[in-house]
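Please keep the sequence and the model in view while reading.

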Amino acid sequence: MTTQSTRAIKPNILYYGTPVILLTTLNADHTVNISPLSSSWGLGQYIILGMSMKGKAVENLQQHPECVINIPEHSLWKNVEKLAAYTAKNPVPKEKEIMGFSYCKNKYDISGLTPEYSTNVKPNRIKECPIQIETEVRHIRIPDYSSLFAIVETEMKQFHAHESIIKGDHHIDPGKWHPLIYNFRHYYSADKELGKTFRAET
Ligand SMILES: Cc1cc2nc3c(=O)[nH]c(=O)nc-3n(C[C@H](O)[C@H](O)[C@H](O)COP(=O)(O)O)c2cc1C
């Protein structure tokens, strides 16, 4: 590897490449909202989410603390993008309106995705997503250094996966699972294996 020189720059965003998730949450009238997010990571049986206080998802979680983390594979990027310019907030907050967001209540219709009942929580799952994780919200933290975002801590209650990506009884086959990566606001696939860590079980 050649030595690279660096330059200090000021990017507006820090989305350096994390999987897209489609979060399903319960609206007050018991319909379901779908919110595309890319800020998430797993810690044991917990998944931490980062979300804007201006969106409908966090409002829904404050009222009903359950959600499903549906993880689309790369081929679903166009369905994800169909959701991108919409919020279920009505009226649309000024800040989102300026960014080009419009109101949409039925995100299933607009995205061409299909609802499927959950087994442990009220918000439903998205059938097309190969991984669907039903969770309960443990804590919603609004950092004292910024009131723009919420850090939402969830606990896994039930993990579902498409048969086609399961290996053995309880493993996901990484060769068959191709998450959709959000890379500085562009969609990428991550499907080339480079190697594995010493703790890999498959
Ligand atoms: C691929 C993608 C990733 C996104 N990641 C996040 C994120 O991590 N956190 C967040 O608050 N918004 C994120 N957004 C923006 C939300 O999807 C947007 O605010 C949307 O209005 C949420 O819908 P809702 O207001 O109905 O909840 C992302 C959008 C896209 C398309």
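**Cores, surface and cysteines**

Q: How many residues does the largest nonpolar core have?
A: In this predicted model, the residues with the most contacts inside the largest nonpolar core are Leu-23, Leu-49, Met-51, Leu-61, Ile-69, Ile-71 and Val-152. Two or more residues each come from strands E2 (21–26), E5 (46–52), E6 (66–71), E11 (131–141) and E12, and from helix H1 (56–63). In soluble globular proteins, nonpolar side chains tend to be buried together. The size of the largest nonpolar core is 19 residues.

Q: How many residues are in another core that lies apart from it?
A: This other core includes Leu-22, Leu-113, Ile-126 and Cys-129. Its number of residues is 14.

Q: Is Gln-62 buried or partly exposed?
A: Gln-62 belongs to helix H1. Leaving aside neighbours within four places in sequence, Gln-62 is in contact with Met-53, Ile-140 and Ile-142. Buried would require a relative accessible area under 20%, and exposed one over 50%. Because its relative accessibility is 47%, Gln-62 counts as partly exposed.

Q: Is Glu-155 buried or exposed?
A: Strand E12 (residues 149–161) holds Glu-155. Not counting residues up to four places away in sequence, Glu-155 touches Gln-45, Tyr-46, Glu-134, Thr-135, Glu-136 and Arg-138. The relative accessible area of Glu-155 is 14%, so this residue is buried.

Q: Which residues make a nonpolar surface patch of about 390 Å²?
A: One member, Phe-184, is found in the loop between strand E15 (180–183) and strand E16 (186–189). Residues in such a patch need over 30% relative accessible area, and Phe-184 is partly exposed at 39%. The patch is made by Leu-14, Tyr-16 and Phe-184.

Q: How many disulfides does a search of the whole structure find?
A: A disulfide needs two cysteine sulfur atoms within 2.5 Å. The closest cysteine sulfur to that of Cys-104 belongs to Cys-129 and is 17 Å away, so it is too far for a bond. Cys-129 is in no disulfide either, as the nearest cysteine sulfur, that of Cys-67, is 14 Å away. The number of disulfides found in the whole structure is 0.

Q: What is the relative accessible area of Cys-129?
A: Cys-104 is buried, with a relative accessible area of 9%. Cys-129 is also buried, and its relative accessible area is 0%.

Technical notes:
Residues are numbered from 1 along each chain as its sequence is written. This is a predicted model: local features need pLDDT of at least 70, side-chain atom pairs count only at pLDDT 80 or more; totals for chains, interfaces and linings use all residues. Side-chain values use heavy atoms; hydrogens and water are left out. Patches are made of residues with over 30% relative accessible area and no salt bridge: like charges are joined within 9 Å, nonpolar side chains (Val, Leu, Ile, Met, Phe, Trp, Tyr) within 5 Å. Accessible areas come from the Shrake-Rupley method with a 1.4 Å probe; for residues, only the protein chains shown count as cover. A salt bridge is a side-chain nitrogen of Lys or Arg within 4 Å of a carboxyl oxygen of Asp or Glu. Helices (H or I, at least four residues) and strands (E, at least two) are DSSP runs, numbered from the N terminus. Buried means under 20% relative accessible area, exposed over 50%, partly exposed in between (1.4 Å probe, protein chains only). Contact means heavy atoms within 4.5 Å. A nonpolar core is a set of buried Ala, Val, Leu, Ile, Met, Phe, Trp, Tyr and Cys residues joined through side-chain atoms within 4.5 Å.
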